[in-house]
Amino acid sequence: MENREYSLQELTSRAENYCARAEHCASEVRTKILAWGGMPAQAETIISHLYDYHYLDDARYCRAYTHDKLLYQHWGKVKIRAMLQARQLPSSEILSALQNIDETEYNRILLALLATKKNATREAKIRFLLQRGFEYATILRALENCSK
């Protein structure tokens, strides 16, 4: 928490700068504004302004989040969906972002993760991939293909 009180204009400017540096969702921005000492009503006004001026865009955020979590953290669709839902994003935007995942890349990542567990038991591999957020049916298909 900061000691200084900011005006609505200063909070708006800080929020614009925050959103200009990286993709953020409304819940993250709301948390930041409240941490800066803003009031809930101010936060809602600022968030509305950020949407109006395209600093915030739920579809863009969902696409970026999905892309980054898949490629860099190697998360599956189940975990990505859960984390986006926790950020209170629209279900339609979440679904759209998940449908845009390249299945070839998705399966390549799943197989690469599976290869890191070559000495583990079948159950351990399944548990590991479930924790990463991959779908059970997809895991079973990958295990079947690897055992052939």
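Which residue lies over the face of W75, and at what distance from the ring centre?

Guide: The residue over the face of W75 is K69, which lies at 4.9 Å from the ring centre; a charge counts as sitting over a ring if NZ of Lys or CZ of Arg is within 6 Å of the ring centre and within 35 degrees of the ring normal. This is a predicted model, in which local features need pLDDT of at least 70 and side-chain atom pairs count only at pLDDT 80 or more, while totals for chains, interfaces and linings use all residues. Residues are numbered from 1 along each chain as its sequence is written, and side-chain values use heavy atoms, with hydrogens and water left out.

W75 also belongs to a cluster, in which ring pairs link it with Y61 and Y65. Rings of Phe, Tyr and Trp (for Trp, its six-membered ring) pair if their centres lie within 6.5 Å, and a search of the whole structure finds 4 aromatic pairs.

Helices here are DSSP runs of H or I with at least four residues, numbered from the N terminus; α4 covers residues 58-72 and α5 residues 77-86. By class, the contact has 7 nonpolar, 1 polar and 1 charged residues, where Ala, Val, Leu, Ile, Met, Phe, Trp, Tyr, Cys and Pro count as nonpolar, Asp, Glu, Lys and Arg as charged, and the others, Gly among them, as polar.

As for the geometry, the axes of α4 and α5 come within 10 Å and cross at roughly 140 degrees, the axes being lines fitted to C-alpha atoms over the stretch in contact, with angles running from 0 to 180 degrees between N-to-C directions. That angle makes α4 oblique to α5, because angles under 35 degrees count as roughly parallel, over 145 as roughly antiparallel, 65 to 115 as roughly perpendicular and the rest as oblique. The crossing of these two helices is right-handed, a term used if the near helix is turned clockwise from the far one by less than a right angle.

Elsewhere, another lysine is placed over a ring: K117 lies over the face of F128, at 4.5 Å from the ring centre.

Definitions and conventions
Rings of Phe, Tyr and Trp (its six-membered ring) pair if their centres lie within 6.5 Å; planes under 30 degrees apart count as stacked, over 60 as edge-to-face and the rest as tilted.
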